Amino acid sequence: MTDKMISVPQMQPCLGKEEADAVYKVVESGWITEGAESEKFSRQLNKMIGCDYGVFAPNGTLALYLGLVAMGIGVGDEVLVPDTTFIASANAVIMAGATPVFVDVNRRNFQIDVADATKYLSNKTKAIMPVHLYGMIANMSEVMEFSSTHDLLVIEDAAQALGVHYKGQHSGTFGDVGCFSFFADKTMTTAEGGYVVCQTEETYKKLLYLRNQGRLDRGSFVHPEIGYNFRITDMHAAMGLVQLKKLNWIIQRKHEIYSWYREQLETQKAITFLEIEPGSEFVPFRTVVLAERLEALMEYLNNNGVGTRGFFYPLHKQPCYQYMVEEGRDLSDENYPNATYGNKHGLCLATFPTLEREQVDHVCKMINDFYSR
Ligand SMILES: *Cc1c(COP(=O)(O)O)cnc(C)c1O
């Protein structure tokens, strides 16, 4: 095979006949909405994550919304959100009626910078939302100390952090609530799906009321509270149960692929690997690196069959949030030097489990070729 013929997409979900069969079985059973399969999926998720309570949401964005509202966050409240993240982290805060306040990230691994968060504290600050980005995890010792010093709630966005641990503890279980996503490009998928874990029975009850029309039981038409519909379906859950069985293999395989990249790119001076937070166990969601002359490199890779992706566009630069400048917020690049740096140099390389050695070799060869020209 010549190099030209190898193509490497950015992401491919790892699905097979097992998932299709599991979904078919649910269809055949006649009970397709949330039921026995969902209950089983929830039990297994709790066991794997190591928490007592968890509820589903239709997707990760709504999981964040549910978690925020269950913690009483709403109109007039401010939530500290890292500047480098998928926009859903901030938009969920808006959806809850509160205001996201953007905090710069650190330069080591682009997770929320707690030291920078201090300058955004106000009497409206109600919560901090660490986002565990790219399969790494924020320094949760620092986040938890900061939140207890300033009496803040902690909403963890762990959409990209299934299987990720800090000091032996699973992501999402440090804060008051932790939110996961099972979107098609996440470590494990149910096509669409979300999950909220929490620490106390009190929060769990609030989540149940909110997601089930303000009641605890289906079939009861007396509603003590105002709630909504955040059900998933047993078809999604059945798929999730199969994916959960594959999870260890998926994670192992991602590590293997990451090691192939490291092997071939570590000596490349124009490429820098991120520093994994000490004490954490990461899962290479993508292989993320900092690259010199990023734009030209990405163009070269795309021309050679390699799908590329930069880091998330910083929140402070998002067109939809520029209205905040008129409200007196300083959203200049100088205020967010690390997120701005990440936007200029951050590169995500494909790390999905069915990727083959030959494809990774091709990506590395193209990168090394580019820098030796
Ligand atoms: C995917 C993702 C979300 C949103 O999850 P959806 O299931 O797509 O709604 C939120 N935050 C982060 C960091 C994500 O990667």
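1. A residue counts as buried when its relative accessible area is under 20%. Thr85 has 2% relative accessibility, so Thr85 is buried. Keep in mind that this is a predicted model.

2. Where is Thr85 found? Thr85 sits in the loop between strand 2 and helix 4. The Thr85 side chain has a polar contact of 2.7 Å with the side chain of Ser89. Beyond the neighbours within four places in sequence, Thr85 is in contact with Val131, Leu133, Phe312, Tyr313 and Leu315.

3. Asp83 is found in the loop between strand 2 (78-82) and helix 4 (88-95). Asp83 is buried, yet has no salt bridge. The nearest side chain of opposite charge belongs to Lys317, 8.3 Å away. Which side chain does Asp83 meet in a polar contact of 2.6 Å? The partner is His316. Setting aside residues up to four places away in sequence, Asp83 also touches Phe102, Val103, Asp104 and Val105. Further contacts of Asp83 include Pro314, Leu315, Tyr336 and Ala339.

4. Now the ligand. There are 14 residues around the ligand, and Gly60, Thr61, Asp157, Ser181 and Lys186 come nearest. An N or O atom in the side chain of Thr61 is 2.5 Å from a ligand oxygen. For Ser181, a polar side-chain atom lies 2.7 Å from an oxygen atom of the ligand. For Lys186, the distance from a polar side-chain atom to a ligand oxygen is 2.7 Å. How much of the ligand's area does the protein bury? Alone, the ligand exposes 380 Å², and the protein buries 93% of that.

5. Helix 7 spans residues 201-211. The buried residues of helix 7 are Thr203, Leu207, Tyr209, Leu210 and Arg211. Their cover includes strand 1 (53-57) and helix 3 (60-70). Strand 8 (177-181) and strand 9 (194-198) are also among the elements that cover them. After helix 7 comes Gln213, with a positive phi near 55°.

6. The whole structure holds 18 salt bridges. One of them joins Lys246 and Glu19, with the closest N and O atoms 2.9 Å apart. Lys246 belongs to helix 8 (residues 234-265) and Glu19 to helix 1 (residues 17-29), so this pair ties together parts 227 residues apart in sequence. Are these two partners buried or exposed? Lys246 is buried at 16% relative accessibility. Glu19 is buried as well, at 3%.

7. Arg108 and Glu277 form another salt bridge, with 3.1 Å between the closest N and O atoms. This pair links distant parts of the chain, 169 residues apart. Arg108 is in the loop between strand 3 (99-103) and helix 5 (114-117). Glu277 is in the loop between strand 10 (271-273) and strand 11 (280-281). Arg108 is partly exposed, with a relative accessible area of 33%, whereas Glu277 is buried at 5%.

8. A further salt bridge pairs Glu263 with Arg357, again with closest N and O atoms 3.1 Å apart. Glu263 lies in helix 8 and Arg357 in helix 12 (residues 357-372), 94 residues apart. Glu263 is exposed at 52% relative accessible area. Arg357 is partly exposed at 32%.

Key
Residues are numbered from 1 along each chain as its sequence is written. This is a predicted model: local features need pLDDT of at least 70, side-chain atom pairs count only at pLDDT 80 or more; totals for chains, interfaces and linings use all residues. Side-chain values use heavy atoms; hydrogens and water are left out. Helices (H or I, at least four residues) and strands (E, at least two) are DSSP runs, numbered from the N terminus. Buried means under 20% relative accessible area, exposed over 50%, partly exposed in between (1.4 Å probe, protein chains only). Lys and Arg count as positive and Asp and Glu as negative; His and the chain ends are not counted. A salt bridge is a side-chain nitrogen of Lys or Arg within 4 Å of a carboxyl oxygen of Asp or Glu. A polar contact is a pair of N or O atoms within 3.5 Å; within protein, one must be able to donate a hydrogen and the other to accept it, and residues adjacent in sequence count only if both atoms are side-chain atoms. Contact means heavy atoms within 4.5 Å. A residue is near a molecule or strand if one of its heavy atoms lies within 4 Å of it. Accessible areas come from the Shrake-Rupley method with a 1.4 Å probe; for residues, only the protein chains shown count as cover.
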